[in-house]
Amino acid sequence: KKGAEVVQVYLQLPASANAGRLVQPPKRLVGFAKVELDAGAQQDVTVSIDPAASNHPLGVWDKATNAWVTPSGSYTVLVGSSSAPKDLLQAGTFTR
């Protein structure tokens, strides 16, 4: 039997994202990919995140400057099949 899975990628923004701005959600969906698999099969999936994309995956709106800004600090990448904490694994971190 075939089935489908949606791999979801979330980011937790650094604490500096909230400095003087609206409080950001604990994580944000920044990409996903749907794959169809046979029962018991595995497949590598690549989800690319473009920091310059129009959805501003790393950015927050800064009212003081009236512009999108990319907060500095450590970002956490989470991957899973839903946004529920039990379904997410930490896939890595990066610093900007």
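Q: Let's start with R96: is this residue buried, partly exposed or exposed?

A: Happy to begin there, and keep in mind that this is a predicted model. R96 has a relative accessible area of 49%, so it is partly exposed.

Q: Where does R96 sit, and which residues is it in contact with beyond its sequence neighbours?

A: R96 lies in the segment after β6 (88–95). Leaving aside neighbours within four places in sequence, R96 contacts P51, L58, T70, P71, S72, G73 and Y75. Take L58 from that list: it is 38 residues away from R96 along the chain, and the two C-alpha atoms are 9.6 Å apart.

Q: Which residues make up the largest nonpolar core?

A: To read a core, look for buried nonpolar residues joined through their side chains. Here the largest one has 9 residues: V9, L11, L13, A17, V30, L58, V60, Y75 and V77. Strands β1 (2–12) and β5 (74–80) each contribute at least two residues to this core.

Q: What does L13 touch, once residues up to four places away in sequence are not counted?

A: L13 touches Q24, R28, P57, L58, V60, S74 and Y75. Among these, L58, V60 and Y75 are also members of the core.

Q: Is Q24 buried or exposed?

A: The cut-off for buried is under 20%. Q24 has 18% relative accessibility, so it counts as buried. You will find Q24 in the loop between β1 and β2 (28–38). The Q24 side chain makes a polar contact of 3.0 Å with the side chain of R28. Beyond four places in sequence, Q24 is in contact with L13, A17, N18 and V60.

Q: How many aromatic pairs are there, and how do I read their geometry?

A: Check the angle between the ring planes: under 30 degrees is stacked and over 60 is edge-to-face. The count here is 2 aromatic pairs. W61 and W68 form an edge-to-face pair, with 5.6 Å from centre to centre and 75° between the planes. W61 is partly exposed at 39% relative accessibility, and W68 is partly exposed at 42%. The planes of Y75 and F94 are at 0° and their ring centres 5.0 Å apart, so this pair is stacked.

Q: Which parts of the chain does the Y75 and F94 pair tie together?

A: Y75 lies in strand β5 and F94 in strand β6, so the pair ties together parts 19 residues apart in sequence. Y75 is buried, with a relative accessible area of 0%, whereas F94 is partly exposed at 28%.

Note on methods:
Residues numbered from 1 in each chain as written. Predicted model: local features only at pLDDT ≥ 70, side-chain atom pairs only at ≥ 80, totals over all residues. Heavy atoms only, no water. Core = buried A, V, L, I, M, F, W, Y, C linked by side-chain atoms within 4.5 Å. Buried < 20%, exposed > 50% of the residue type's maximum accessible area, 1.4 Å probe, protein only. Helix = DSSP H or I, 4+ residues; strand = E, 2+ residues; numbered from the N terminus. Contact = heavy atoms within 4.5 Å. Polar contact = N/O pair within 3.5 Å; in protein donor to acceptor, adjacent residues only side chain to side chain. Phe/Tyr/Trp six-rings, centres within 6.5 Å; stacked < 30°, edge-to-face > 60°.
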